[in-house]
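Subject: Structure handover

Hello,

Here is the structure for you to look at. My notes on it follow below.

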Amino acid sequence: ARDAMLDRYGRREITLSTANTQSYKKRKVTLEEYILEVVEEDLHQVEASGSDTWYWFGNNDHDEWAEFFQAYVLPPFADESKAALSFGIGAENSGVPFHVHGRVFAETIVGRKRWLLLPPGMRPKFDGEKSTASWLMNYQKNNLKHTEVLRNVLDCTVCQSEVIYIPADWWHATLNLDQTVFISAFIDDSVGSKPNLFK
């Protein structure tokens, strides 16, 4: 599957973001360059800075990748008229530090992705420039004054073909445990009437 994808799509240009909380920087590379030079080169050390770690998630050209998005089947309860799809590939030990946004259904297509979640109002202590892997290794030392918050961290791993639902405004961080392919359906409740589910 990897070789077939590179043969067919390897020359396509994609937009990478830095893997810090705000994803400040962007750069363009071909899919082949990203796979061979980032995903497969084991560059994602635990202590790597988020702003030095490049990650393909979002910034998808929906026209160029239309066949992927059209083939994707949304999870149950995800309203197609409100969903904005975002696709990505991540190296082992890559991920995004704690952040918040609207509600989302996130599916792992290949590999395993670890999720750390906290409800609204329980902001964890973290450095948005540090990797999630670094935070996991050091959180006890760095959060001695936040033990009540830490007791409320929900920690789970989403494996291949599994989906996680994250309500709006929940703090969450991700860590790819393998080379991972994933897709998320961000739900925009400003479109049409709000559903009764998951309020």
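I start with a salt bridge. The side chains of Arg-2 and Glu-40 form one, at 2.5 Å from N to O. This pair links distant parts of the chain, 38 residues apart. Arg-2 sits in helix 1 (residues 2-9), and Glu-40 in the loop between helix 2 and strand 3 (54-57). Please keep in mind that this is a predicted model.

Arg-2 has another partner. It also forms a salt bridge with Asp-3, where the closest N and O atoms are 2.4 Å apart. Through shared partners, Arg-2, Asp-3 and Glu-40 join into one network. Arg-2 counts as partly exposed, at 38% relative accessibility. Glu-40 is also partly exposed, at 31%.

Next, Glu-64 and Arg-12. They form a salt bridge with their closest N and O atoms 4.0 Å apart. Glu-64 lies in the loop between strand 3 and helix 3 (66-71), and Arg-12 in the loop between helix 1 and strand 1, so the pair ties together parts that are 52 residues apart in sequence. Glu-64 is partly exposed, with a relative accessible area of 32%. The structure holds seven salt bridges.

Now the surface charges. Asp-7, Glu-13, Glu-32, Glu-33, Glu-37 and Glu-41 form a negative surface patch. Which element gives the most to the negative patch? Helix 2 (residues 31-39) does, with three residues. Glu-13 belongs to strand 1 (residues 13-18). It is partly exposed, at 49% relative accessibility.

Ile-14 is in strand 1 as well. Is Ile-14 buried or exposed? Its relative accessibility is 2%, so Ile-14 counts as buried. Leaving aside residues up to four places away in sequence, Ile-14 touches Arg-27, Lys-28, Val-29, Thr-30, Leu-31, Tyr-34, Trp-56 and Trp-65. Ile-14 and Asn-60 are 46 residues apart in sequence, yet 7.3 Å apart in space, C-alpha to C-alpha.

Last, the whole protein. It has five helices and ten strands. Of its 199 residues, 45% are buried. Take the contacts between residues at least 6 apart in sequence: 82% of them join residues at least 24 apart. The accessible surface comes to about 10800 Å², and 50% of that belongs to carbon and sulfur atoms.

Best wishes

Terms used. Residues are numbered from 1 along each chain as its sequence is written. This is a predicted model: local features need pLDDT of at least 70, side-chain atom pairs count only at pLDDT 80 or more; totals for chains, interfaces and linings use all residues. Side-chain values use heavy atoms; hydrogens and water are left out. Patches are made of residues with over 30% relative accessible area and no salt bridge: like charges are joined within 9 Å, nonpolar side chains (Val, Leu, Ile, Met, Phe, Trp, Tyr) within 5 Å. Accessible areas come from the Shrake-Rupley method with a 1.4 Å probe; for residues, only the protein chains shown count as cover. Lys and Arg count as positive and Asp and Glu as negative; His and the chain ends are not counted. The place of a charge is taken as NZ of Lys, CZ of Arg, CG of Asp or CD of Glu. Helices (H or I, at least four residues) and strands (E, at least two) are DSSP runs, numbered from the N terminus. Buried means under 20% relative accessible area, exposed over 50%, partly exposed in between (1.4 Å probe, protein chains only). Contact means heavy atoms within 4.5 Å.
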